[in-house]
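Welcome! Please take a moment to look over the sequence and the 3D view before reading on.

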Amino acid sequence: MFVPGLDGICHGFVAMPQCGFSKLTILSVGVHMLYPEVFGTLEKLRWNMAKDVPWDSFDPTLLTDEQAATIKMNAITEWSALPATEMFLRDNRHDSDFSAFMSVWFYEEQKHALVLMEYLRRFRPDMAPTEEELHQVRFEFDPAPPLDTLMLHFCGEMRLTQWYRRAAQWHTEPVIKHIYGLLSGDEARHGGVYFRYMQQAIERQGDEARAAFAKVGVLMTSSGRSSKPLHPTNLHVSAAFFPNDTVQSRMPDPDWLEHWLDNQIQFDPSWEAKVVNTILIKLSNLFGQSFESIKDLNRYRKQVASAVPTAAF
């Protein structure tokens, strides 16, 4: 967009030549926004579904019915980025910077669903999810504190990074192994962007943000206290639909996730420890503390919560 009076500048960008957009350099504006930088970084690292997936390497002898069924379930789970994005945009109307990032996150998460669906369309069309099965996981989430949701999804991305790494190892067919590797890398990068927005929140909101992040961090690292996998798609999000108000409860097989983790990809305590340790390390850096255990984080949670007496902890 050309802004009259700004010679050679197109609304936040230096454009050469004469706003032709052949070359763009992001200008620093009054308030530091993360979205322009995040967009550029993710754009450089984005994989292409047609060129970067070795479709011709498919080996039908190495894909079982059991494995194909889990691919279907993960495709439907990834489709739930749609209601999650609707929630993020609704609850973050005050934050246009973060809301803009949702355009990238939504695109890449829906591409995850699409590449898994394309794999099934090509090689196991009988297993491809129907439109109705996809639509079942689109429902309205209740409003939630934006800081809590930000931290929840940061932890979710850290966990999904490791789930997909383990899935890539479990699968035997080379194309789907490669796809899960691509997805794992995306989830790790998304977690890194959420972390940047967490840093921004602390700069702007101080102890309120620290308290929210510590509270959710304790919840999402306490896997030993929960009988269910700690991921946003497995948490209750809508009182109106309770008890069918988790994404996983609306799947064709609501129990598939636990079976996938425990009996198929065997996401055992050593893998869970990778998730917990990653979250503790990142929060240590975020808060300028040293968390060796969940107990350390919980002590910090209690400490910082006392500085925000109006919050419910």
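## Before you start

This is a predicted model, in which local features need pLDDT of at least 70 and side-chain atom pairs count only at pLDDT 80 or more, while totals for chains, interfaces and linings use all residues. Residues are numbered from 1 along each chain as its sequence is written, and side-chain values use heavy atoms, with hydrogens and water left out.

## The overall layout

Let's begin with the whole chain. There are 11 helices and 3 strands; both are DSSP runs numbered from the N terminus, with helices (H or I) having at least four residues and strands (E) at least two.

Of the 313 residues in the chain, 50% are buried. Here buried means under 20% relative accessible area, exposed means over 50%, and partly exposed lies in between (1.4 Å probe, protein chains only).

Helix H6 has 25 residues and spans 35 Å from its first C-alpha to its last, close to the 36 Å expected at 1.5 Å a residue. The expected span is 1.5 Å times one less than the number of residues in the helix. In H6, 22 of the 25 residues are buried, so this helix is largely enclosed by the rest of the structure.

Helix H7 runs over residues 174-205, and its 32 residues reach 46 Å from first C-alpha to last, close to the expected 46 Å. At the start of H7, a side-chain oxygen of Glu-173 comes to within 2.9 Å of the backbone nitrogen of Val-175. This is a polar contact, meaning a pair of N or O atoms within 3.5 Å; within protein, one must be able to donate a hydrogen and the other to accept it, and residues adjacent in sequence count only if both atoms are side-chain atoms. Just after H7, Gly-206 has a positive phi of about 55°.

## A pocket and a cavity

Both kinds of space are found on a 1 Å grid over the protein atoms alone: a cavity is a set of points where a 1.4 Å probe fits but cannot get out, a pocket is an open set with protein on both sides within 12 Å along at least five of seven lines, and lining residues have an atom within 4 Å of a point. Grid points are joined across faces, edges and corners, and a volume is the space filled by probe spheres set on the points.

The largest pocket has a volume of about 600 Å³. Its lining is made of 34 residues, and those nearest the centre are Leu-152, His-153, Pro-232, Thr-233 and Val-237. H6 gives the largest share of this lining, 8 residues. By class, the pocket lining has 17 nonpolar, 9 polar and 8 charged residues; Ala, Val, Leu, Ile, Met, Phe, Trp, Tyr, Cys and Pro count as nonpolar, Asp, Glu, Lys and Arg as charged, and the others, Gly among them, as polar.

How many cavities of 30 Å³ or more does the structure hold? It holds 1, and the largest cavity contains about 50 Å³ of space. Among the residues lining the largest cavity are Asn-74, Trp-163, His-231 and Trp-256. Helix H9 supplies the largest share of that lining, 3 residues. The cavity lining divides into 5 nonpolar, 5 polar and no charged residues.

## Salt bridges

The structure has 16 salt bridges, each being a side-chain nitrogen of Lys or Arg within 4 Å of a carboxyl oxygen of Asp or Glu. In one of them, the side chains of Arg-124 and Asp-65 meet at 2.6 Å, N to O. Arg-124 lies in the loop between helix H4 and helix H5 and Asp-65 in helix H2, so the pair ties together parts that are 59 residues apart in sequence. Arg-124 is buried, at 16% relative accessible area. Arg-124 also forms a salt bridge with Asp-126, with the closest N and O atoms 2.8 Å apart; Asp-126 is exposed, at 55%.

Within helix H4, Glu-118 and Arg-121 are 3 residues apart, about one helical turn. Their salt bridge brings the closest N and O atoms to 2.7 Å, and Glu-118 is buried at 14% relative accessibility. Elsewhere, Glu-43, Arg-46 and Glu-108 are joined in a network of salt bridges.
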